[in-house]
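Subject: Structure handover

Hello,

Here is the structure I said I would pass on. Please look through it alongside the notes below.

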Amino acid sequence: MTEWSTPHLKAILIGNSGVGKSSFMTRFVDHRFTNLYRATVGVDFLTKEITIDKRSVILQLFLHQIWDTAGTERFHSLGTALYRGAHCCLLVFDVTSSISFDALEVWKKEFLVQACPSDPSGFPFIVLGNKIDLDYREVSTKQAQQWCSEIGAEYFECSAKEDIGVDSTFHSAARAALHSKYTMWKMEKPSR
């Protein structure tokens, strides 16, 4: 199958700064992890071809970091263009930070406003709690699962550092994106 006939699925990773979004993407695509923190300003982009249900797909991963500074307006407008056409959104938080977990509702709402999906209530969200390798946590598995149940999202606990749950999370996101893309295509396809 040529790259042009392989479905391209767009997934967006959002969440507070420092929760490990870049590390998570890099672990999945490049199979590596670094302890050096490099803040993402603006957009980071990686792709990886994977197989979902015996079908090759190209997963396009976008990370958008909005800073709460004077320059935010510049990156806020970038969000609209970046989020449109997304097939799945990964909401990322750090299990050792209740602040990052509490912010997920705001991130989700902001994404829906910016992306304007045709079916906001049915849009696929994947929630991932990162940094489970650390010795303590402020957000329990039960608390995260309950919130995910309320919003209809799948929940994964992961560690980019220890490579725990990384592949399964992205494969689930790709599967949700593939279903979302197929559903959007069916809805947009003209009837005969």
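Predicted model: local features only at pLDDT ≥ 70, side-chain atom pairs only at ≥ 80, totals over all residues.

Residues are numbered from 1 along each chain as its sequence is written, and side-chain values use heavy atoms, with hydrogens and water left out.

Strands

Helices (H or I, at least four residues) and strands (E, at least two) are DSSP runs, numbered from the N terminus. Buried means under 20% relative accessible area, exposed over 50%, and partly exposed in between, with a 1.4 Å probe and protein chains only.

Two strands pair if DSSP finds at least two bridges between them. β4 pairs with strand β1 (residues 8–14) in the parallel sense over 4 bridges, with Ala11 opposite Cys88. β4 also pairs in the parallel sense with strand β5 (residues 125–130), over 6 bridges; here Leu90 stands opposite Ile126.

Two polar side chains

A polar contact is a pair of N or O atoms within 3.5 Å; within protein, one must be able to donate a hydrogen and the other to accept it, and residues adjacent in sequence count only if both atoms are side-chain atoms. Contact means heavy atoms within 4.5 Å.

Lys10 lies in strand β1 and is buried, with a relative accessible area of 12%. The Lys10 side chain reaches the backbone oxygen of Arg84 at 2.9 Å. Not counting residues up to four places away in sequence, Lys10 touches several residues, including Gln60, Phe62, Ala81 and His87.

Ser100 is in helix α3 (residues 98–102) and is buried at 2% relative accessibility. The side chain of Ser100 reaches the backbone nitrogen of Asp94 at 3.0 Å. With residues up to four places away in sequence left out, Ser100 touches Asn16, Val19, Phe93 and Asp94.

Helix α4

Helix α4 (residues 104–115) has 12 residues and reaches 16 Å from its first C-alpha to its last, close to the 16 Å expected at 1.5 Å a residue. That expected span is 1.5 Å times one less than the number of residues. Among the buried residues of α4 are Leu104, Trp107, Lys108 and Phe111. Cys116 follows α4 and has a positive phi, near 50°.

Aromatic rings

Rings of Phe, Tyr and Trp (its six-membered ring) pair if their centres lie within 6.5 Å; planes under 30 degrees apart count as stacked, over 60 as edge-to-face and the rest as tilted. The structure holds 9 aromatic pairs. One of them is the tilted pair of Phe24 and Phe170, at 5.0 Å centre to centre with 35° between the planes. This pair links distant parts of the chain, with Phe24 in helix α1 (residues 21–30) and Phe170 in helix α6 (residues 166–188), 146 residues apart. Phe24 and Phe170 are both buried. Elsewhere, ring pairs link Tyr83, Phe111, Phe123 and Phe125 into a cluster.

Cysteines

A disulfide is a pair of cysteine sulfur atoms within 2.5 Å, and a search of the whole structure finds 0 of them. Cys148 is buried at 1% relative accessible area, and Cys158 is buried at 0%.

Regards
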